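Subject: Structure for your review

Dear colleague,

Please find below the structure that I am handing over to you, together with its sequence. My findings are set out after it.

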Amino acid sequence: MMDNLPDHVIWEILSRIKKTTDRNSASLLCKRLHQLDNEQRRSLRVGCGLDPANEALISLCNRFPNLTKVEIIYSGWMSKLGRQLDDQGLQILSRSSPFLTDLTLSYCTFITDLGLSYLASCPNLSALKLHFTPRITGCGILSLVVGLKNLIVLHLNRCLNISSVEWIEYLGKLETLEDLSIKNCRAIGEGDLIKLGPTWRKIKRLQFEVDANFRYMKVYDRTAVDRWQTQWVPCEEMIELSLVSCIMIPGRGLSCLLGKCKNLERIHLNMCVGVRDCDIIGLAHKSRNLKSISLRVPSDFSFPLLVNNPLRLTDDSLKEVAQYCPGLESVKISFSDGEFPSFPSFTQSGILNLIEKCPIRELSLDHVFSFNDFGMESLCSAKHLETLELVRCQEISDEGIQFVGQFPCLRVLRLSKCLGVSDEGLQPLVGSDKLEILDVEGCPQISERGAQGAARTVLFFLF
């Protein structure tokens, strides 16, 4: 019967099998399925089980000649598991997979700049993601971007030996990059990104994260400062912006981006020192399509330099976001670790005003001590709210949690380290069929037995 089915029907059947193990099992049913699966298979994920690595890769590439996406992940690797894929392996991949467009190398500690130079000959490679590849340097990245004329996605995470940044300037001249992620690459600072130049107009997604435990203190000369202040950064096409542990100095560095991204939909600012009300207000006025905002605010306990000159975010910025971003759906507000934030910031009134004015579907509050039982009662009128996450909100008690049953559309409730909530607060939800998911973590007064029945699916973790 299988022999009578046309190829396109079998391809459709195989495409609906999502799990790799199920796909492998299906391909073993008959020779025709095996052959068609080999031709159709577009993605491959390998790692510690690839031994001997280079020989196994040759076999896989011969079996699947039309691969477009390959992930090589050596997380948890130990020497007893065999030798990792090396530079020769990347040479094999570049020669045997002519349709390769997307490559991820994670914990590949044997690969050097030489291996990257082989990838430069891949005619269709447009996305490269490197995670902890400690032997890769800036020279290797430069040789890669010189060879790849259609690079659209570049992710670098914990690539500790990338110290030179000439590749950034060259990448800027290509004007092809749309998705750039640089995380914890110690020698790449905020000021280096100005070298992207004309490529700024193409970038749709930017993630930049500084290693907070090892900040590479770059010395900015006056010329570099002036370039940020005078050079126009055309970032109108940017849709998503994520900045972590960055220093935001007025008129310099990444602070120049805020207030210029008219198509921005998602912004995430995590422990960024120096963000001011005027930055968020400028963002709100320009980015009227904003759908998601996430703010983790540093306190002067986290950064002693703020003690004498605190840079505050207040309700004024939330008010402007509520007024100018009518499509906002997701809000996350978090304060850094510490007993209490020591300077005035967002109040309960400001948060509730934002929820009242915007169709907020997802709300997450972490260490927001100003939010209490009255705030929970006010959420009863939040007609769009579907997901609520409360983390270390110690002013919320059982009385406040009991209002959850009156939230019009709430389906998901997550409670983490909320010391004032007990089994009694969840009791009205038991058997009500109100929630689809209840996720409880580290709430000592809530027992696993007390949470059972409060939602269709209950996830309980004591710590």
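The notes that follow go from the whole chain to individual residues.

Overall content

Please bear in mind that this is a predicted model. The chain contains 16 helices and 16 strands. Of its 463 residues, 49% are buried. Where contacts join residues at least 6 apart in sequence, 75% of them link residues at least 24 apart.

Packing of α7 and α8

Two packed helices are described by the angle between their axes and the distance between the axes. For helix α7 (residues 138-147) and helix α8 (residues 166-174), the angle is about 15 degrees and the axes are 8 Å apart. Angles under 35 degrees count as roughly parallel, and α7 and α8 are therefore roughly parallel to each other. Their crossing is left-handed. On the α7 side, the contact is made by G138, I141, L142, V145 and V146. The α8 side contributes E166, W167, Y170, L171 and L174. Sorted by class, the residues in this contact of α7 with α8 are eight nonpolar, one polar and one charged.

Aromatic pairs

How many aromatic pairs does the structure hold? There are two.

One of them is formed by W77 and F110, an edge-to-face pair with 5.6 Å from centre to centre and 80 degrees between the planes. W77 belongs to the loop between β2 (69-73) and α5 (87-96), while F110 belongs to the loop between β3 (102-106) and α6 (113-119), so this pair ties together parts that are 33 residues apart in sequence. W77 is partly exposed, its relative accessible area being 24%.

Y107 and F132 form a pair as well: the ring centres are 5.7 Å apart and the planes stand at 45 degrees, so the pair is tilted. Here Y107 lies in the loop between β3 and α6, and F132 in the loop between β4 (127-131) and α7, so the parts tied together are 25 residues apart in sequence. Both residues fall in the partly exposed class: Y107 has a relative accessible area of 31%, and F132 has one of 27%.

Backbone features

The peptide bond that joins D51 and P52 is cis, with omega at about -5 degrees. P52 is located in the loop between β1 (43-47) and α4 (53-63).

E175 is not a glycine, yet its phi is positive, at about 55 degrees. This residue sits in the loop between α8 and β6 (179-183). E175 is partly exposed, with a relative accessible area of 32%.

S245, likewise a residue other than glycine, has a positive phi near 60 degrees. S245 is found in the loop between β8 (240-244) and β9 (266-270). Is S245 buried or exposed? Its relative accessible area is 13%, and residues under 20% count as buried, so S245 is buried.

Yours sincerely

Notes
Residues numbered from 1 in each chain as written. Predicted model: local features only at pLDDT ≥ 70, side-chain atom pairs only at ≥ 80, totals over all residues. Heavy atoms only, no water. Axes fitted to C-alpha atoms, helices over the stretch in contact; angles between N-to-C directions. Helix = DSSP H or I, 4+ residues; strand = E, 2+ residues; numbered from the N terminus. Parallel < 35°, antiparallel > 145°, perpendicular 65-115°, else oblique. Left-handed = near helix turned anticlockwise from the far one by under 90°. Contact = heavy atoms within 4.5 Å. Nonpolar A, V, L, I, M, F, W, Y, C, P; charged D, E, K, R; others polar. Phe/Tyr/Trp six-rings, centres within 6.5 Å; stacked < 30°, edge-to-face > 60°. Buried < 20%, exposed > 50% of the residue type's maximum accessible area, 1.4 Å probe, protein only.
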